[in-house]
Amino acid sequence: MNKKSNNTSIKKPSTPVRKLVGAKKPNVVGAVKPNNNIKKSTPIQNKPTRNNTPTKKSQKVEEPSEDEEEEEDYEDSEEEIENKKSNLLDSDDDEEEEDDDFNRKNSGAFSDQNKKLFKMKGAETEEGEESEDGEDEDDEEDSGEETNFERKVKKAQIKAKVEKAKDDEEIKNPILPDDVSDETTDEEGEGEKEEGEEEEAKKDNLLGIDLPMVYQRIKDVIATLEDFNSQRKAGISRQVYMDRLKEDICTYFGYSSWLVDVFLKIFNAAEALEFFEANETHRPLTIRANTLKTRRKDLAEALIARGVHLEPIKWSQVGLTIYDTQVAIGATPEYLAGQYIQQSASSFLPVLALAPQPNERVLDMCASPGGKTTYIAAMMKNTGTLVANDVNKERIKSLVANIHRLGVKNCVVSNMDGREYPSVLAGFDRVLVDAPCVGLGVISKDPQIKISKSEQDVITCTHTQKELLLRAIDAVDANSATGGIIVYSTCSLTVEENEAVVDYALRNRDVIIVDTTIEFGVDGFTSFRESRFHPSLALTKRYYPHTHNMDGFYVAKLKKRSNTIPSEQQKQKQKKRKEVSSEEDTESDSNTIPSEEQQKQKQKKRKEVSSEDQDTESDSSIKKQKQSNNNTNNNNTNNNNKNNLNNSNKKNKLSKNRYVKKQVQNKSQKKK
């Protein structure tokens with residue numbers, strides 16, 4: 001029986017034992033130490049069984065029933081369980097005493113701060129509660145002593161609060177300068193500071209700027225600029241309001257100051273705000289039906305069956321606007337079969353202006369990624385010759401892929417600089433120049449343009465654009481029966497990249513501007529700030545995102561009149577004429593009446609220009625006369641030469657005849 005009790009006491013308790021972390025475990029692995037205070041329970045030996053022989057006492061007493069035997073067995077088992085529990089509790093107490101002895105011996109190995117980390121979790125004894133209270137008091141004492149780092153952090157926080165308060169004051173009173181601002185009392189200043197502190201807590205922006213307040217201030221400034229005389233504050237100039245407006249637009253929309261200045265010169269303040277807001281939303285997705293493989297009606301029915309919500313573009317015969325779709329537009333069977341291509345609506349416009357005809361020779365000087373090239377091929381009905389050129393070798397991959405997918409068969413792809421084309425290949429009927437530009441019309445597609453572009457980028461682009469346009473004009477044959485057309489387009493909105501480039505081409509080549517035949521669009525500038533352009537530039541077209549709901553674009557259509565390149569003298573005369581016309585335009589814009597001296601100087605300039613024109617005409621007439629005289633002289637000399645030759649031939653014949661006669665006479669005399 002002792003063996004049984006020892007074996008049962010070895011079993012682990014069901015409840016988990018809490019121990020100190022880092023304490024050494026006791027070496028007791030075997031049986032638990034017996035406790036002398038607890039009496040060992042001995043099992044009942046005399047259990048009645050059916051097989052046992054009854055004693056004398058048992059013969060007198062009746063045998064117990066089965067239920068009574070079960071009750072006795074249950075009572076015995078309960079006693080054994082209680083004894084086991086008491087033994088286990090005693091063993092836990094012994095283990096805790098050994099752990100305490102171990103921790104006391106090794107108490108020097110840990111500091112006071114580390115002892116806090118090694119506290120027993122969930123201790124419910126009074127000692128544990130007292131120790132926790134003591135630790136809290138220690139923490140409070142430690143928190144009272146600040147380190148140098150904490151002091152520096154607090155100082156930095158105080159400085160940040162002061163700077164925020166100053167910024168809020170500047171935002172609240174942005175327009176008024178220091179000299180003109182109204183004097184406020186100390187009470188008002190304190191009230192404003194308190195309001196500023198309350199607003200700081202409400203701000204969600206990381207930069208600490210209240211964007212709704214900035215936007216409202218932009219609207220207020222625009223309202224004052226529209227009715228400046230009645231709504232402005234006394235002593236504040238228009239330039240102060242404009243500077244405030246530029247700063248607020250830069251902070252709210254995220255543009256660079258240079259770019260905001262560019263757009264405020266092109267648009268008025270209210271229209272500029274509409275333009276900036278339009279660039280914050282994406283333009284609708286548009287596709288172009290490939291008429292080489294399908295019709296727009298059939299394509300629309302197939303896409304509607306696939307769950308695409310679309311509408312046809314009114315001013316185009318092949319365009320579709322997609323508003324909602326349940327499938328990927330770039331992965332449908334119709335797309336893979338080449339029945340349509342994803343193309344922005346603004347890129348339809350240059351091809352419509354070019355209007356290529358079947359069996360013509362057409363050049364697309366800047367062709368990648370191939371949207372305009374494939375549209376030209378569709379309008380040519382896969383006839384004639386189409387040359388697609390691009391200087392970037394990597395972009396030609398997408399160009400070739402679209403040409404193959406859309407089934408274009410009349411196209412030749414080249415990889416060279418477009419400025420070298422007239423010397424390599426010329427005599428085209430039509431040329432499209434979609435020149436590389438800064439891209440200020442596609443800010444909704446690439447928001448990095450707001451900060452990445454600068455004035456130097458515009459200067460470099462204008463230089464290449466002028467060269468490309470002149471070479472494109474040289475590549476066209478003016479004597480073409482159907483063409484002689486050049487179309488210049490960009491996806492930018494600066495005047496330097498658009499009207500100025502076309503005006504430069506008018507001054508340096510014998511071309512004229514023709515109507516684009518596009519029904520809608522804003523007319524191009526004929527005058528911008530100090531510069532004046534040719535009046536025919538009003539036939540060019542501009543497209544804006546806030547008015548036409550498409551990317552910003554510029555389209556100009558030119559017709560070549562002759563293949564001759566004007567001389568330098570003619571260029572100088574054209575410059576003088578433009579200077580005189582620009583001066584007249586400036587005077588007409590200003591209401592001032594010129595003085596008599598100024599009028600005399602103008603008359604002199606006009607006479608000089610007219611005299612130069614007369615000189616050129618007289619020179620040309622003299623040259624013609626000289627040429628005619630030379631021609632007559634040449635004719636006379638030729639006639640004289642002919643007569644001389646005839647006379648010499650006659651003389652030679654007479655001399656020959658005489659020689660023959662003499663020989664005949666001599667022979668006859670000899671015979672005699």
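**Exercise 1. Find where aspartate 503 sits, and decide whether it is buried or exposed.**

Step 1: Aspartate 503 belongs to helix H21; helices here are DSSP runs of H or I with at least four residues, strands are E runs of at least two, and both are numbered from the N terminus. This is a predicted model, in which local features need pLDDT of at least 70 and side-chain atom pairs count only at pLDDT 80 or more, while totals for chains, interfaces and linings use all residues. Residues are numbered from 1 along each chain as its sequence is written, and side-chain values use heavy atoms, with hydrogens and water left out.

Step 2: The relative accessibility of aspartate 503 is 4%, so the residue counts as buried (buried is under 20% relative accessible area, exposed is over 50%, and partly exposed lies in between, with a 1.4 Å probe and protein chains only).

Step 3: Now look across to histidine 534, which is 31 residues apart from aspartate 503 along the chain; their C-alpha atoms are separated by 6.5 Å.

**Exercise 2. Describe the surroundings of cysteine 491.**

Step 1: Start with the record: an unreviewed UniProt entry lists Cys491 under "active site". UniProt positions follow the numbering used here, feature names are shortened, and annotations may be inferred rather than shown by experiment.

Step 2: Cysteine 491 is in the loop that runs between strand E9 (485-490) and helix H21 (499-508).

Step 3: With a relative accessible area of 21%, cysteine 491 is partly exposed.

Step 4: List its partners, leaving aside neighbours within four places in sequence. Cysteine 491 is in contact with Cys437, Gly439, Leu440, Gly441, Val442, Gly552 and Phe553, where contact means heavy atoms within 4.5 Å.

**Exercise 3. Work out how helix H8 packs with helix H12.**

Step 1: Recall what is needed. Two packed helices are described by the angle between their axes and the distance between the axes.

Step 2: Read both values. H8 (residues 211-226) and H12 (residues 269-278) pack at about 150°, and their axes are 9 Å apart. The axes are lines fitted to C-alpha atoms, for helices over the stretch in contact, and angles run from 0 to 180 degrees between N-to-C directions.

Step 3: Name the arrangement. H8 is therefore roughly antiparallel to H12 (under 35 degrees is roughly parallel, over 145 roughly antiparallel, 65 to 115 roughly perpendicular and the rest oblique).

Step 4: Find the residues. H8 contributes Tyr215, Ile218, Lys219, Ile222, Leu225 and Glu226, while H12 contributes Ala269, Ala270, Leu273 and Glu277.

**Exercise 4. Repeat the analysis for helices H10 and H11.**

Step 1: The axes of H10 (residues 238-253) and H11 (residues 257-266) come within 10 Å and cross at roughly 120°.

Step 2: H10 and H11 are thus oblique to each other.

Step 3: Met242, Lys246, Ile249 and Cys250 of H10 meet Ser257, Val260, Asp261 and Leu264 of H11.
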